[in-house]
Amino acid sequence: MALSLQKINSDIIGVWASSLCAVHCAVTPLLFAAQASAHYGHHAVGESGLPWYWAVLDWLFLLLAFVAIRYTSKQVVANWVKWGMWAAWSVIAAVILSETLDLHILSHAFMYVGAFTLIGLHLYNHRQCRLCQVESTTDEY
């Protein structure tokens, strides 16, 4: 059986993308610490030593979260959930942009707040959508 795009649940994709983003954010400082201890004194001050594609993952997770929120917004149960998802995404985007441009206006901790907020809102919306589907099928009988 072929998997169609309509059968893919955007909330599940959102939970996975946000979870992977949170793991990525948690592992990054560990990699910085490991890199610094393994090559102590070999890098100039401020040089990260991490591969270029590690930062690209930030933008890929942000893009994947954007797509998931866009599709979820079309079937959101409560309007506040949609606005909460976009607000959390905006926080993540602001942190990534701030870090990419070396502005460091926002703390990296806000990335966790945004990611865990997205996870919670996607799970809430998924649960509510499933409850609405169950109620609508029981109303038909």
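Student: What percentage of the 141 residues of the protein chain count as buried?

Tutor: Buried means under 20% relative accessible area, exposed means over 50%, and partly exposed lies in between, with a 1.4 Å probe and protein chains only. Here 31% of the 141 residues count as buried. This is a predicted model, where local features need pLDDT of at least 70, side-chain atom pairs count only at pLDDT 80 or more, and totals for chains, interfaces and linings use all residues. Residues are numbered from 1 along each chain as its sequence is written, and side-chain values use heavy atoms, with hydrogens and water left out.

Student: How many helices and strands does the protein chain have?

Tutor: Both are DSSP runs, numbered from the N terminus: helices are H or I with at least four residues, strands are E with at least two. This chain has four helices and zero strands. Its pattern along the sequence is α-α-α-α.

Student: Why does the span of helix 3 agree with its 22 residues?

Tutor: The expected span is 1.5 Å times one less than the number of residues. For helix 3 that gives 32 Å, and its end C-alpha atoms are 32 Å apart, so the two agree.

Student: Which residues of helix 3 are buried?

Tutor: Start with the general idea. An α-helix has 3.6 residues a turn, so residues three or four places apart point the same way. In helix 3, the buried residues include Val81, Met85, Ala88, Trp89, Ile92 and Ile96. After helix 3 comes Asp102, with a positive phi near 55°.

Student: What lines the largest cavity?

Tutor: On a 1 Å grid over the protein atoms alone, a cavity is a set of points where a 1.4 Å probe fits but cannot get out; lining residues have an atom within 4 Å of a point. Grid points are joined across faces, edges and corners, and a volume is the space filled by probe spheres set on the points. The whole structure has one cavity of 30 Å³ or more. The largest has a volume of about 50 Å³. Its lining includes Ala17, Cys21, Phe61, Trp89 and Leu118. Helix 1 (10-38), helix 2 (52-73) and helix 3 (79-100) each supply at least two lining residues.

Student: Is His126 buried or exposed?

Tutor: His126 counts as buried, because its relative accessibility is 16%. His126 sits in helix 4 (residues 109-139). Contact means heavy atoms within 4.5 Å. Leaving out residues up to four places away in sequence, His126 touches Asn9, Asp11 and Ile12.

Methods:
1 Å grid on protein atoms, 1.4 Å probe; cavity = no way out; pocket = protein on both sides within 12 Å on 5 of 7 lines; lining within 4 Å.
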